[in-house]
Amino acid sequence: MVSFLQAVAPVAKEMPHGSLPLGYTFHFYLFGLFAIVSALLFVTRKSPVAAALWLVNTMFSLAALYVLLDAQFIGAIQVLVYAGAIMVVFLFVIMLLNLGHGVGGDIRSIGWKIVAGAVGLAIVAEIFAVTKAKTAVTLTLPADFVAKQIDATGAIAPIAAPLFNEYLLAFEVTSILLLAAVVGAVVLGKQRGESGTQDAG
Amino acid sequence: MLAEALFFSAALFAIGVFGVLIRRNAIIVFMCVELMLNAVNLSFVAFAEAYGVAGQVFVFFVMTVAAAEAAVGLAIIIALFRHRQTVDLTNINLLKG
């Protein structure tokens with residue numbers, strides 16, 4: 001079964017770099033704008049549930065961008081872990097704390113908005129200045145290097161090989177981090193004793 | 001597509017910062033932090049296309065840390081809510097001088 005994006009992406013591989021087909025460019029801009037519009041709606045919605053659902057929308061758009069950027073595995077993980085697991089946990093907490101009503105909203109006053117807008121624009125300007133920097137030519141891979149790697153060995157093998165060789169220590173440390181986070185979350189979320197006495201947790 | 005991806009990444013990151021500054025609901029502030037992490041992931045994936053697949057490995061680690069952070073952060077928010085009956089950040093000012 002060939003999905004729509006898979007149907008678009010291989011065409012991009014055949015073209016020389018710099019002259020991508022119109023469909024590819026169109027979808028790239030479409031999902032990028034979709035992500036930004038969803039993110040703007042996310043930060044301006046009063047209801048926490050609506051905000052969370054717009055954030056899910058942003059994450060789906062980002063997953064589409066990852067697929068267009070030759071990161072199919074990361075796109076799948078984005079949908080499963082971020083949009084699927086993390087956002088469901090957020091929605092569960094909103095439900096548990098009964099915050100879904102959004103009484104009066106929680107957006108700060110106009111002064112804060114001006115400060116926040118200035119800080120946001122400053123960060124955008126800063127990042128634009130950084131993207132003008134030149135990188136060493138020796139660092140740059142030949143065009144479509146990653147795409148060819150994925151064509152040769154599949155989408156997961158090029159990620160798995162460095163993950164379990166060069167970055168094995170980081171991978172193992174991550175497992176300890178996750179264990180500590182799970183234990184910490186259980187301890188923090190545990191109900192205190194009925195009579196106000198702290199239990200052994 | 002590197003320049004476009006970096007543009008989208010910068011915009012999303014700035015929107016995340018904007019959200020952290022204008023919202024008072026701790027859960028939404030927390031979701032804005034997740035948005036900023038996602039923006040950085042987009043940069044990593046875009047660079048991975050040009051400079052090698054290691055960038056995608058970093059995205060993997062960022063997602064793991066984000067999952068751990070979400071678990072602990074939400075547990076803290078629940079503990080805070082139990083203590084204060086609110087998640088409004090203006091009411092959580094124990095460290096304010």
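Q: What should I know about the numbering and about the kind of model before I start?
A: This is a predicted model, in which local features need pLDDT of at least 70 and side-chain atom pairs count only at pLDDT 80 or more, whereas totals for chains, interfaces and linings use all residues. Residues are numbered from 1 along each chain as its sequence is written, while chains are lettered from A and ligands numbered from 1 in the order in which they are written.

Q: Where in chain A is confidence lowest, and where is it highest?
A: The score to read is pLDDT, the predictor's confidence in each residue, from 0 to 100. Chain A has a mean pLDDT of 81, with 81% of its residues at 70 or more. Confidence is lowest in helix α1 (residues 4-14) of chain A, at a mean of 47, and highest in α3(A), at 94; helices here are DSSP runs (H or I, at least four residues) and strands are E runs of at least two, numbered from the N terminus. Over residues 1-16 of chain A the pLDDT is below 50.

Q: How many residues of chain A are in contact with chain B?
A: Two residues are in contact if their C-beta atoms, placed from the backbone, lie within 7 Å. By that rule, 65 residues of chain A are in contact with 60 residues of chain B. On the chain A side, α5(A) gives the most, with 12 residues. The residues of this side divide into 51 nonpolar, 10 polar and four charged, where Ala, Val, Leu, Ile, Met, Phe, Trp, Tyr, Cys and Pro count as nonpolar, Asp, Glu, Lys and Arg as charged, and the others, Gly among them, as polar.

Q: At what angle do α2(A) and helix α1 of chain B pack?
A: Axes are lines fitted to C-alpha atoms, for helices over the stretch in contact, and angles run from 0 to 180 degrees between N-to-C directions. α2(A) and helix α1 (residues 2-22) of chain B pack at about 5°, with their axes 9 Å apart. The two helices, α2(A) and α1(B), are therefore roughly parallel to each other, a term for angles under 35 degrees, with over 145 roughly antiparallel, 65 to 115 roughly perpendicular and the rest oblique. Among the residues that meet are Phe28(A) and Ile36(A) in α2(A), and Phe8(B) and Leu12(B) in α1(B).

Q: What is the secondary structure of chain B, and what does its C-alpha trace span?
A: Chain B comes to three helices and zero strands, and its C-alpha trace spans about 50 × 25 × 20 Å along its principal axes.
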